[in-house]
Amino acid sequence: MKRLFLIAFLCTLLFSCQKEDSNIEDTNYHLSCKIDGVLTTFNVDAAAGEDNDVEIWAFAVGGRNADSANSKIFGIVINSLEDNVRVTPGTYTDNETRFEVFTGFFDPVTELEFGAGQELYDDAIFTGVPIQNHFKVELKELNEKIARGTFSGDYYEDYESTGTVKKVTEGEFYLKIQK
């Protein structure tokens, strides 16, 4: 269910990107990380956004690695678990109590999805599998125009702690807020 929300939220965010003022667009916007040591960028349609659905706030960043139907998709979502509590700059981990954090990347060619966050953390506790590098995102700057931060952690195939692990390191984003 959470994976469906992540993909639906990211698709809404990414495909509703407005191209206003493109002649003064900041060319430094980016979303990148190393996946198992390989630098990967998700700069196509990369954006950040906020949503408020019945007093529950969510924040997301996402992008694609290419401009094609077979492009890989990457995203991070932070949901407030309390009414009317916005996501603000700070550090969020996979075992939050006031916020739910989840993240994933999907390759439509191989149909493989890897994820991290609260759902994986709960599964690891249930199965007794220790997570070596817990997911962490540091939201360094968030305002009405941009979002900037870093992230890292172990991502597991199909969000299951017994799945294949991909190590995500040196993740960073500097993205325009879509309204």
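# Why these labels? A talk about one predicted chain

Modeller: Aspartate 107 is found in strand S7, which covers residues 99–107, and please keep in mind throughout that this is a predicted model.

Colleague: Why is aspartate 107 called buried?

Modeller: Buried means a relative accessible area under 20%, and aspartate 107 has 14%, so aspartate 107 counts as buried. Leaving aside neighbours within four places in sequence, aspartate 107 is in contact with Lys72 and Leu112.

Colleague: What makes lysine 34 and glutamate 170 a salt bridge?

Modeller: The cut-off for a side-chain nitrogen and a carboxyl oxygen is 4 Å, and the closest N and O atoms of lysine 34 and glutamate 170 are 3.5 Å apart, which is recorded as a salt bridge. Lysine 34 lies in strand S1 (residues 30–35) and glutamate 170 in strand S11 (residues 165–178), so this pair ties together parts that are 136 residues apart in sequence.

Colleague: Why is glutamate 170 called exposed, and why is lysine 34 called partly exposed?

Modeller: Exposed means over 50%, buried means under 20%, and partly exposed is in between. Glutamate 170 has a relative accessible area of 55% and is therefore exposed, whereas lysine 34, at 26%, counts as partly exposed.

Colleague: How do you know that glutamate 50 and arginine 86 meet in a salt bridge?

Modeller: Their side chains come to 2.6 Å, N to O, and the limit is 4 Å, so the pair qualifies as a salt bridge. Glutamate 50 lies in strand S3 (residues 44–53), while arginine 86 lies in the loop between strand S5 (73–80) and strand S6 (90–93), so the pair ties together parts that are 36 residues apart in sequence. Glutamate 50 is partly exposed at 32%, and arginine 86 is partly exposed at 42%.

Colleague: What makes arginine 86 lie over the face of tryptophan 57?

Modeller: For an arginine, CZ has to be within 6 Å of the ring centre and within 35 degrees of the ring normal; arginine 86 lies over the face of tryptophan 57 at 4.0 Å from the ring centre.

Colleague: Why is aspartate 154 called buried, and with which residue does aspartate 154 form a salt bridge?

Modeller: Aspartate 154 has a relative accessible area of 3% and is buried, because the label applies under 20%. Aspartate 154 forms a salt bridge with lysine 167, with the closest N and O atoms 3.2 Å apart. Lysine 167 lies in strand S11 and aspartate 154 in strand S10 (residues 146–157), so the pair ties together parts that are 13 residues apart in sequence. The structure holds nine salt bridges.

Colleague: Turning to the rings, how many aromatic pairs does the structure hold, and why is the pair of phenylalanine 105 and tyrosine 155 called tilted?

Modeller: The structure holds 10 aromatic pairs. In the pair of phenylalanine 105 and tyrosine 155, the centres are 5.5 Å apart and the planes are at 40 degrees; planes under 30 degrees apart count as stacked and over 60 as edge-to-face, so 40 degrees falls among the rest, called tilted. Phenylalanine 105 lies in strand S7 and tyrosine 155 in strand S10, so the pair ties together parts that are 50 residues apart in sequence. Tyrosine 155 is buried, with a relative accessible area of 0%.

Colleague: What makes the pair of phenylalanine 135 and tyrosine 155 edge-to-face?

Modeller: The planes of phenylalanine 135 and tyrosine 155 stand at 90 degrees, with 6.0 Å centre to centre, and an angle over 60 counts as edge-to-face. Phenylalanine 135 is buried at 1%.

Methods. Residues numbered from 1 in each chain as written. Predicted model: local features only at pLDDT ≥ 70, side-chain atom pairs only at ≥ 80, totals over all residues. Heavy atoms only, no water. Helix = DSSP H or I, 4+ residues; strand = E, 2+ residues; numbered from the N terminus. Buried < 20%, exposed > 50% of the residue type's maximum accessible area, 1.4 Å probe, protein only. Contact = heavy atoms within 4.5 Å. Phe/Tyr/Trp six-rings, centres within 6.5 Å; stacked < 30°, edge-to-face > 60°.
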